[in-house]
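Hi,

Here is the structure I promised to pass on.

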Amino acid sequence: MVTLKDIAQKTQLSTATISRVLKEDASLSVSPDTRAKVFAIAQELGYTKHLSKQRPDSSVRKIGILQWYTESRELDDLYYYSIRISLEQRAFALGYDIVRCFHDITSPLLKEVDAVIAIGKFSQQQMTELSAIHKQLVFVDFDTLADGFSCVTTDFNRSVIQVIDHYLEQGITEIGMIAGQEETYDKELILSDPRLRTFKQYLTDRDLYHERFVFTGLFTSQSGYQLMKEAIDTLKEELPTAFFIANDNLAVGALRALQEAQIAVPNRVQIITFNDTPITKQVYPTLSSITVFTEEMGIQAVELVDAMLKKPNNYHPRMVKLGTQLTLRDSSL
């Protein structure tokens with residue numbers, strides 16, 4: 001059974017402070033971020049004793065979080081985990097309760113909330129189903145503005161250009177890519193990697209694009225390993241000098257394949273990946289990566305919902321597109 005002591009250990013606060021935060025003691029002098037962190041960790045650990053002592057449900061607005069991954073799969077992808085955790089912390093800080101649904105668009109819990117934030121990739125039919133439940137609907141990591149829904153996305157286009165320009169500035173013109181492929185939540189639609197479109201167009205405009213340097217698979221470490229092995233086996237001495245890899249899991253697998261083949265990174269092949277989850281600093285060599293500000297994505301999604309709920313008759317769909325940052329480490333010179 002989860003206790004206040006368990007929460008205290010994870011937050012490095014006293015049990016007395018944890019108790020007062022969970023009781024919503026307004027006289028306690030702690031920052032909003034600390035309060036949000038305590039509530040988020042309490043929910044993460046499954047601590048519920050404080051819930052019965054809070055205000056009646058009717059006085060607290062609720063936000064439903066629909067994660068397109070299952071709970072177990074989310075733990076394998078820190079990108080989506082980070083978005084959800086920051087989202088929950090911001091919601092708690094603004095006074096909202098959270099209802100979580102993992103990979104269950106039909107959950108009756110979603111009908112009991114005031115708004116829904118959907119994280120991940122959803123088909124047109126699913127967007128229609130969700131909007132029938134709630135008009136207050138925001139998507140994260142999926143461009144849905146053309147469909148009439150507010151969303152928070154990342155600037156994929158500029159990110160890819162940053163990587164290619166970095167390589168070109170070093171005089172590297174043979175650039176490969178390991179791209180990812182996804183399906184919508186209901187597997188009705190296969191989604192091409194938007195980074196691949198920019199990669200192809202930007203290099204084609206400079207007469208530097210080579211189709212044989214591009215490999216596409218699932219966004220997993222095993223797929224990255226298999227795709228890089230395929231590149232090594234088929235290209236041999238023509239293996240590009242540098243690769244852009246569409247996410248960190250793919251990059252970790254690709255790095256293992258290069259190391260097994262005794263191909264030196266970065267001396268023979270440079271790597272820049274995408275997302276910049278903690279794993280980029282846990283491998284050798286450490287991985288250069290496009291840093292995506294996942295915490296800010298979660299925060300902005302809650303801010304959109306908050307604006308919807310406060311002014312429902314004066315709100316129009318909008319997109320928040322966040323910039324990225326190229327973070328260079330050992331895998332690229």
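Below is what turned up, going from the sheet and the core to single residues.

A word on the ground rules first. This is a predicted model, so to speak of local features I needed pLDDT of at least 70, side-chain atom pairs count only at pLDDT 80 or more, and totals for chains, interfaces and linings use all residues. Residues are numbered from 1 along each chain as its sequence is written, and side-chain values use heavy atoms, with hydrogens and water left out. Helices (H or I, at least four residues) and strands (E, at least two) are DSSP runs, numbered from the N terminus.

**The sheet**

There is an open sheet of 6 strands with mixed pairing, in the order β9-β6-β10-β11-β12-β14; two strands count as paired if DSSP finds at least two bridges between them. The edges are taken by β9 (214-217) and β14, each with a single partner strand, so one side of each has no neighbour in the sheet. From one strand to the next the twist averages 20°. (Axes are lines fitted to C-alpha atoms, for helices over the stretch in contact, and angles run from 0 to 180 degrees between N-to-C directions.)

Within this sheet, β10 (residues 242-245) and β11 (residues 270-275) run parallel and are joined by 3 bridges. Ala242 sits opposite Gln270 in β11. Lying across β6 (175-180), β10, β11, β12 (288-291) and β14 is helix α7 (residues 156-169), which runs at about 165° to β11. Contact here means heavy atoms within 4.5 Å.

Thr327 is buried, at a relative accessible area of 17%; buried means under 20% relative accessible area, exposed over 50%, and partly exposed in between (1.4 Å probe, protein chains only). Its side chain makes a polar contact of 2.6 Å with the side chain of Thr291. For a polar contact, I mean a pair of N or O atoms within 3.5 Å; within protein, one must be able to donate a hydrogen and the other to accept it, and residues adjacent in sequence count only if both atoms are side-chain atoms. Not counting residues up to four places away in sequence, Thr327 touches Asp276, Ser288, Ser289 and Thr291.

**The core and another strand pair**

The largest nonpolar core has 105 residues, and among those with the most contacts inside it are Phe139, Phe199 and Leu258. Such a core is a set of buried Ala, Val, Leu, Ile, Met, Phe, Trp, Tyr and Cys residues joined through side-chain atoms within 4.5 Å. Leaving aside neighbours within four places in sequence, the contacts of Phe199 include Val160, Ile164, Tyr209 and Phe244.

Phe139 belongs to β4 (residues 137-140), a strand covered on both faces: Leu137 and Phe139 are buried on one side, Val138 and Val140 on the other. Strand β3 (residues 115-119) runs parallel to β4, with 4 bridges joining them, and Val116 stands opposite Leu137.

**Helix α1**

In α1 (residues 4-11), the buried residues are Ile7, Ala8 and Thr11. They cover an arc of only 100° around the axis, so they are on the same side of α1; the arc is that of the directions from the helix axis to the C-beta atoms. Lys5 and Gln9, on the other side, are exposed. Thr11 has 7% relative accessibility, and a polar atom of its side chain lies 2.9 Å from the backbone oxygen of Ile7. Just after α1, Gln12 takes a positive phi of about 60°.

Most residues other than glycine have a negative phi, and most peptide bonds are trans. Which residues are joined by a cis peptide bond with omega of about 15°? They are Val265 and Pro266, and Pro266 is in the loop between α10 (248-260) and β11. Another cis bond joins Tyr284 and Pro285, with omega about -5°; Pro285 is in the loop between β11 and β12.

As for positive phi, Lys236 is near 50°. Lys236 sits in the loop between α9 (221-235) and β10 and is exposed, at 58% relative accessible area. Asn275 has a phi of about 115°, but this residue is in strand β11 and is buried at 9%.

Cheers
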